[in-house]
Amino acid sequence: MTILHLRRARTSLVLDVRGPGLPRVVHWGSDVGDLDAEGLRHLVDATVPPVVPSSFDEPPVLSLLPEPSAGWSGRPGLAGHRDGRDWSTAFHLDGLDVDDTGTGAAGLTVRASDQAAGLSLTIEITLDPHGLLTVRHVLRNDGDGAYELRELTPVLPVPAVATELLDLTGRWCRERSPQRHPWQYGSWVREGRHGRTGHDATLLLVAGTAGFGFGDGEVWAVHTAWSGDHVTFAERHPTGVSTIGGGELLAPGEIRLATGESYTTPLLYAVWSDAGLDGLSDVLHTHLRARPGHPRSPRPVTLNVWEAVYFDHDLDRLRALADRAAQIGVERFVLDDGWFRGRRDDTAGLGDWYVDEDVWPDGLQPLIDHVTGRGLQFGLWVEPEMVNPDSDLFRAHADWLLAVPGRLPPAWRNQQVLDLARPEAYDYVLERLDALLTAHPGIGYLKWDHNRDLTEAGHDGRPGVHGQTVAVYRLLDELRDRHPGVEIESCSSGGARVDLAVLERTDRVWASDCNDALERLSIQRWTGLLLPPELVGTHIGPDRSHTTHRVHDLGFRAATALFGHSGIEWDIASISAADQTELAAWVALHKRLRPLLHTGRVVRVDHPDHPAVWAHGVVAHDKTRAVYAVARLATSVAQIPGAVRLPGLDPDRRYLVRPVPDVPAPATINLRPPAWLGAGATLSGAALARIGVQLPALHPEQSLVLEVTPAAS
């Protein structure tokens, strides 16, 4: 065998495949250069740990699938048994397939088996042109009798210089809250047991050098691409080895492989950067934007009518909303919850996916025709995985629930979960959604909601989260095949289903049910660690927030929503003429900046007056243009905060930086604002990144949006 070196975009992956067992990851991270066979051999030899007293006679091997049989005493990559036997493995390498030609993705397939345990293993590794690494395991049962799988997780080593961990947690309306701490000995394990990704999902688990920030430090991160129960972990061993990994979190008995059956893990996305968290995001965003199915058309400014009408559906009122939306510049109109049979509140109707004849005696077509006649796309809210006990579907098919026999799971928002792994339930939901879209070809968008955890989720007496997740993926795939022009949003009581597996099948996510601009600044900042702005719904809510009751100026709300797939969640038919004029100006600004916002490189600023002052922006990849927002979140001890640096530009190019025109300036406490604000300032990219610009003294909860363009020669 040999030593393999895969290189892409300043990232190296070095694997030692000289032994009879599974390959060992020698290095994952910074490019180690163009090494020949002898250089690689010296590199591998230089990484072999010494033998020390009271230890194994040979150094333990951390392979792509850690095994106790190789001396590994940390978290095993595989856990399972065959009626108490074959609980430990010693895989033998059977062969390798390497695809490392050209400038595209580099690929490696490892084939191994343990004949004594009756198991075969395939490991699939890809290093894409942007430096993003993906790892996936496939385990097949070749032995006699069923093999119960408890865990199968890809694992990668991280060097000792990574001494801090960062991940995210949260709750409904407070998703993506960062938490950071030293990486100490032992295991930091994040388990999601919600049957969906979860409001508290970490998105990325990041290990980094001391003090890493948005723009500096060396960082390694993983993301488990799975929308069901999952685990992500970091483990530091007294032996000196540190690892991170993740996979599906399986319940007892959930995966029992009959002879010849296989199980495939979710993809583990792994990314390295020496440019801090923004470097991680740049790799991930570039990868996502290169997907064949990534949205290519301009992301339409969206009005969702939920916070305007709630369940009070009236055709004339909705037509008036559509008229006002068209005047303001909205491009998509979404009818939310309440259009189907019996749905006058959230206690009834889920599962009965027929247009309510009492509310809509002529059906949805008159509204669809009115909306599309005004030049807007039409979208509709659905929650296909759920059912209310007060529904015709439940009364007819109570046996279709995802539940333990003999009892219902605890109610959540007055609803239960349909077992979509049951063919009859799956076929019913598919038929209803297909019929709805076929009968109304004007529906171009589905807001696909999912408003509860999968608690005590049973299928035919066994755990059912895995089967449910696979069935939902299959349902989404089938609908997209039948209706390729329909876009789908992943909404899950806000941001509880945000992951790269569901985004293979959807066109954006709803980051949170909270439209409070102050809360959204944090939610969007940390959602953007994984996702580019065009995949994240960011709406302007009413002046008083529906979820927090906090009051904000329109400018602060609009500046926050600017940096994403922007939209409105507000009763715009009842706003003042002044608000209508200002809102139209912000919509026009978003449309003008949208080509940059939805393609450029995201940058976030580590301001010394954090958390009182936040700054972030998007820079064109050719560094010709940029737009930044600076937000004053709270008062500070200092009267005037320090200058705000604007990173990411060409240090040798001269730029004009000025507040965006055509929208009102934010409220300040200036007696005399900085002189440059009037005509703008012409500075080099180096000066903007290293010195920055002094901003006006903003009131708390105000934002200033700055546009950067090439200076006149």
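Modeller: Start with Pro611, which sits in the loop between strand E33 (601–605) and strand E34 (613–619). The model is a predicted one.

Biologist: What makes the peptide bond that joins His610 and Pro611 a cis bond?

Modeller: The omega angle between His610 and Pro611 is about 10°, and the bond is cis. Most peptide bonds are trans.

Biologist: Why does Ser54 count as exposed?

Modeller: Exposed requires over 50% relative accessible area. Ser54 has 84%, so Ser54 counts as exposed.

Biologist: And what makes Glu331 partly exposed?

Modeller: Its relative accessible area is 22%. Buried would need under 20% and exposed over 50%, so Glu331 is partly exposed. Glu331 is in the loop between H4 and E22. Beyond its neighbours within four places in sequence, Glu331 has contacts that include Arg299, Leu376, Lys591 and Arg594.

Biologist: How do you know that the buried residues of H5 line one face of the helix?

Modeller: The buried residues of H5 (residues 365–373) are Leu367, Ile368 and Val371. Viewed down the axis of H5, they fall within an arc of 100°, so they line one face. An α-helix has 3.6 residues a turn, so residues three or four places apart point the same way.

Biologist: What do the buried residues of H5 pack against?

Modeller: They pack against helix H4 (315–328) and strands E22 (332–335), E23 (377–382) and E26 (443–448). After H5 comes Gly375, with a positive phi near 85°.

Biologist: Why is H10 called roughly parallel to H11?

Modeller: The axes of H10 (residues 554–561) and H11 (residues 577–597) come within 10 Å and cross at roughly 20°. Angles under 35 degrees count as roughly parallel, so H10 and H11 qualify. Their crossing is right-handed.

Biologist: Which residues in H10 and H11 meet?

Modeller: Leu554, Gly555, Ala558 and Ala559 in H10 meet Asp579, Glu582, Leu583 and Trp586 in H11. The residues of this contact divide into 5 nonpolar, 1 polar and 2 charged.

Conventions:
Residues are numbered from 1 along each chain as its sequence is written. This is a predicted model: local features need pLDDT of at least 70, side-chain atom pairs count only at pLDDT 80 or more; totals for chains, interfaces and linings use all residues. Side-chain values use heavy atoms; hydrogens and water are left out. Buried means under 20% relative accessible area, exposed over 50%, partly exposed in between (1.4 Å probe, protein chains only). Helices (H or I, at least four residues) and strands (E, at least two) are DSSP runs, numbered from the N terminus. The arc is that of the directions from the helix axis to the C-beta atoms. Contact means heavy atoms within 4.5 Å. Axes are lines fitted to C-alpha atoms, for helices over the stretch in contact, and angles run from 0 to 180 degrees between N-to-C directions. Angles under 35 degrees count as roughly parallel, over 145 as roughly antiparallel, 65 to 115 as roughly perpendicular and the rest as oblique. A crossing is left-handed if the near helix is turned anticlockwise from the far one by less than a right angle, and right-handed if clockwise. Ala, Val, Leu, Ile, Met, Phe, Trp, Tyr, Cys and Pro count as nonpolar, Asp, Glu, Lys and Arg as charged, and the others, Gly among them, as polar.
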